[in-house]
Amino acid sequence: MGEGNPANVGATNIDTGVTTVIDPAAYEDRFSNVVDITDDPYNADPTGEEPINDALMMAWEDDTLIVFPQGQYKMNQSFRRTGWRDVGLVGQNAVIRHGEVEAISGHTVDEGEYRGGTMLFQIGTTDSPHQGELVFGGFIFDWARENAGMRGLYAMVGDRAEIRNIAFNGVHDLGTHGNMRVAAMAPDAFAHVDSIDMSGGGMHYTDTINTRQTENYDGSTSDGGFGQSWSTTGIAGHRGMSGTTLFENVICGPWPDNGMYIQGGGRQIVRNCITSNSGTSNIRFNHTDDWEPIPELDESEDGELTRHGPYGQSTVEGCVVIIDRMPSGVHDAQRSIWHYAGEGVIRDCEVTVAHESESGGAAGNFAIGTRSGVTESVVENCKISLLEPADAFYSGTSAPVMLRDVDIVADGWDAGSSVSTVIGGQTPSLENVTLNGSL
């Protein structure tokens with residue numbers, strides 16, 4: 001992975017293997033019907049020669065599990081389904097490819113085998129989210145060819161979704177929508193995204209055949225100004241979401257915009273993920289109160305549902321973030337973990353900054369930070385390694401912020417002798433925070 005994009009070659013050497021198989025037998029009791037998409041009457045071509053869109057349309061029915069045997073499957077247009085319930089698509093190392101792209105502008109392919117919008121699987125909308133169960137996974141999206149890379153999955157979820165065991169192979173180099181957008185869209189909804197490999201990252205649109213233009217904040221357009229990488233994000237939530245979204249065991253980056261931009265509404269949890277080298281930020285999250293406790297996460301020992309358990313707020317937990325180079329694009333700084341608004345906890349994380357930004361303070365690199373919309377933030381039991389000059393923490397809010405049991409190591413440069421020298425912005429509360437072993 002990482003081939004084809006000079007900015008991404010040599011991305012941090014981490015174990016990026018995820019399984020790309022889902023056993024249909026584990027889900028058969030959830031659906032009344034189980035169909036093999038290569039069987040009659042669907043007859044999807046598993047050799048990658050003929051497009052499968054018609055077969056998908058025929059197989060998609062309520063209360064149906066659609067199985068993709070190992071093979072290669074080509075899509076020449078987006079597959080969009082709204083108003084259905086209880087559907088699964090599961091593969092066993094099933095490779096998904098889109099047809100050849102010869103010209104693309106923004107998020108629309110104008111010339112080539114593939115035509116139209118650049119979302120391959122589009123399930124539900126914000127106004128009409130998918131109902132009942134959605135199971136999706138066991139796929140390899142093939143971006144290893146030149147001019148390949150779209151949004152593999154867009155899923156708006158009104159009840160329960162299990163999305164897992166997916167690899168995006170190669171570099172996303174069409175400058176369009178990033179790999180995935182998943183959001184719960186009701187206070188009691190739960191979208192669980194698990195075991196996703198998108199470590200190949202993506203290219204800035206100016207380094208691709210995409211002729212898109214983007215708006216600056218003043219409404220003007222440019223080929224490389226602000227707005228230069230909007231929507232080229234690895235994995236995204238949605239600003240209108242509510243309920244609970246859980247992302248775990250995701251390997252992400254480098255992307256020209258945010259890597260895991262799960263900010264939106266409701267409660268967001270990022271657990272045991274590895275992210276690296278994405279512009280703007282590697283993990284960006286927020287919190288609103290538009291969620292209800294769910295059995296999967298919030299059941300107490302006596303069987304009651306509570307809002308006050310370990311995930312009583314948006315949480316980033318057990319994650320590893322590495323900044324050691326900039327991705328394709330125009331950004332010169334990154335934030336490792338960025339708490340953007342509302343309540344949040346960042347715990348048991350390891351962050352390494354090994355790239356020096358030309359900028360400093362709020363515009364420069366920092367390991368962990370908060371924005372002005374934060375109402376309360378806790379950072380605890382984290383380890384931060386600063387191998388180049390950078391802030392370990394930058395606070396952009398006057399709201400309560402606590403750093404507790406945080407170990408900061410500055411190696412290879414003179415960071416001073418006080419923790420305060422590697423903390424920028426508003427002053428947080430500190431409890432057992434050390435710099436090179438000293439309080």
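In the predicted model, Asp 110 has a relative accessibility of 39% and therefore counts as partly exposed. This residue lies in strand E8, which spans residues 108-112. Together with Glu 100, Glu 102 and Glu 111, Asp 110 forms a patch of negative charge on the surface.

Across the whole structure, a search finds 16 salt bridges. One of them pairs Glu 162 with Arg 30, with 3.3 Å between the closest N and O atoms. This pair links distant parts of the chain: Glu 162 belongs to strand E13 (residues 160-169), whereas Arg 30 sits in the segment before strand E1 (33-36), and the two are 132 residues apart. Glu 162 is buried, at 16% relative accessible area, while Arg 30 is partly exposed, at 33%.

A salt bridge is also found between Asp 142 and Arg 145, where the closest N and O atoms are 3.6 Å apart. With a relative accessibility of 6%, Asp 142 is classed as buried; Arg 145 has a relative accessible area of 31% and is partly exposed.

Asp 159 and Arg 160 form a further salt bridge, the closest N and O atoms being separated by 3.8 Å. In this pair, Asp 159 is partly exposed, with a relative accessible area of 29%, and Arg 160 counts as partly exposed at 21% relative accessibility. Salt bridges with shared partners also connect Arg 30, Glu 133, Glu 162, Arg 164 and Asp 194 into one network.

Notes: Residues numbered from 1 in each chain as written. Predicted model: local features only at pLDDT ≥ 70, side-chain atom pairs only at ≥ 80, totals over all residues. Heavy atoms only, no water. Patch = residues over 30% accessible without salt bridge, like charges linked within 9 Å, V, L, I, M, F, W, Y side chains within 5 Å. Areas by Shrake-Rupley, 256 points an atom, 1.4 Å probe, with all protein chains shown as cover. Salt bridge = Lys/Arg side-chain N within 4 Å of Asp/Glu carboxyl O. Lys, Arg positive; Asp, Glu negative; His and termini not counted. Charge placed at Lys NZ, Arg CZ, Asp CG, Glu CD. Helix = DSSP H or I, 4+ residues; strand = E, 2+ residues; numbered from the N terminus. Buried < 20%, exposed > 50% of the residue type's maximum accessible area, 1.4 Å probe, protein only.
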